Amino acid sequence: MSLHRRDVVNALLQDRGGLLVVAGLGSTAWDCTAAGDHDLTFPMWGAMGCAAMTGLGLALAQPKRRVLVITGDGEMLMGLGSLATIGVQKPKNLSVVVIDNERYGETGMQETHTAHGVDLAAMARAAGFATTALLRDAAGLAALRKAIHETAGPHFAQVKVVAEKIPLVLPPREGALLKNRFRAALLGSAANTE
Ligand SMILES: Cc1ncc(C[n+]2csc(CCOP(=O)(O)OP(=O)(O)O)c2C)c(N)n1
């Protein structure tokens, strides 16, 4: 494994334009914040297993916007049924990227099932995603970024990264603030008074 998670997330979020981002709990939320706190990033904080479903809802509600879910392997493993639902709904504007350190990082680096051969990309392919990829080095990153921003999905990528403990970069902690700023940035500030 040669990729570092912060480099991967930085590369994917560079020049993000109007991209809507749902960040899974824990490390992927810190990664997204390290790349630049943003009104159009919605971090799940402690909610585990629902990042991809939140992204699907957003993609269906906002078909003209591109939506990216960035989440951890543990978080994705908890919500595997969402792959099937996305495969059936087939939102062209949705991408799911799993930052796979093969560990439950936040709770003590216990190994997840991906450390024992579970192939999330194959599961997404079987579920009906338009494209799937398993990345182990930087070679596929540019193509993944292009898919997220430009081509018809749903896209799924499992990106193997070094299992490392790195300093936390926390987004705002207040759920109502995160929801309201996201809604205001997406729909205009009047949306929060409706
Ligand atoms: C329903 C539920 N179970 C357990 C937890 C505790 N928990 C918080 S983060 C985490 C591990 C997340 O692992 P992963 O998604 O792989 O992220 P990373 O390794 O990148 O931190 C766990 C088990 C939780 N927040 N919610």
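Colleague: How many residues surround the ligand, and which are the closest?

Modeller: There are 16 residues around the ligand, and the closest are Ser27, Gly74, Glu75, Arg103 and Gly105. A residue is near a molecule if one of its heavy atoms lies within 4 Å of it. Keep in mind that this is a predicted model, where local features need pLDDT of at least 70, side-chain atom pairs count only at pLDDT 80 or more, and totals for chains, interfaces and linings use all residues. Residues are numbered from 1 along each chain as its sequence is written, and side-chain values use heavy atoms, with hydrogens and water left out.

Colleague: OK, which element gives the most to that shell?

Modeller: Helix 4, with four residues. Helix 4 (73-78) and strand 5 (103-104) each supply at least two residues. Helices (H or I, at least four residues) and strands (E, at least two) are DSSP runs, numbered from the N terminus.

Colleague: And what's the shell like by class?

Modeller: Four nonpolar, seven polar and five charged residues. Here Ala, Val, Leu, Ile, Met, Phe, Trp, Tyr, Cys and Pro count as nonpolar, Asp, Glu, Lys and Arg as charged, and the others, Gly among them, as polar.

Colleague: What does the backbone of Glu75 do there?

Modeller: A backbone N or O atom of Glu75 sits 2.8 Å from a ligand oxygen. For Arg103, a polar backbone atom is 2.7 Å from an oxygen atom of the ligand. Arg5 uses its side chain instead, with a polar atom 3.2 Å from a ligand oxygen.

Colleague: How much of the ligand does the protein bury?

Modeller: The protein buries 75% of the 600 Å² that the ligand exposes when taken alone. Those areas come from the Shrake-Rupley method with a 1.4 Å probe.

Colleague: Last one: where is Ala138?

Modeller: Ala138 is in the loop between strand 7 (131-135) and helix 7 (141-149), and is partly exposed at 47% relative accessibility. Ala138 and Leu3 are 135 residues apart in sequence, yet 6.9 Å apart in space, C-alpha to C-alpha.

Terms used: A polar contact is a pair of N or O atoms within 3.5 Å; within protein, one must be able to donate a hydrogen and the other to accept it, and residues adjacent in sequence count only if both atoms are side-chain atoms. Buried means under 20% relative accessible area, exposed over 50%, partly exposed in between (1.4 Å probe, protein chains only).
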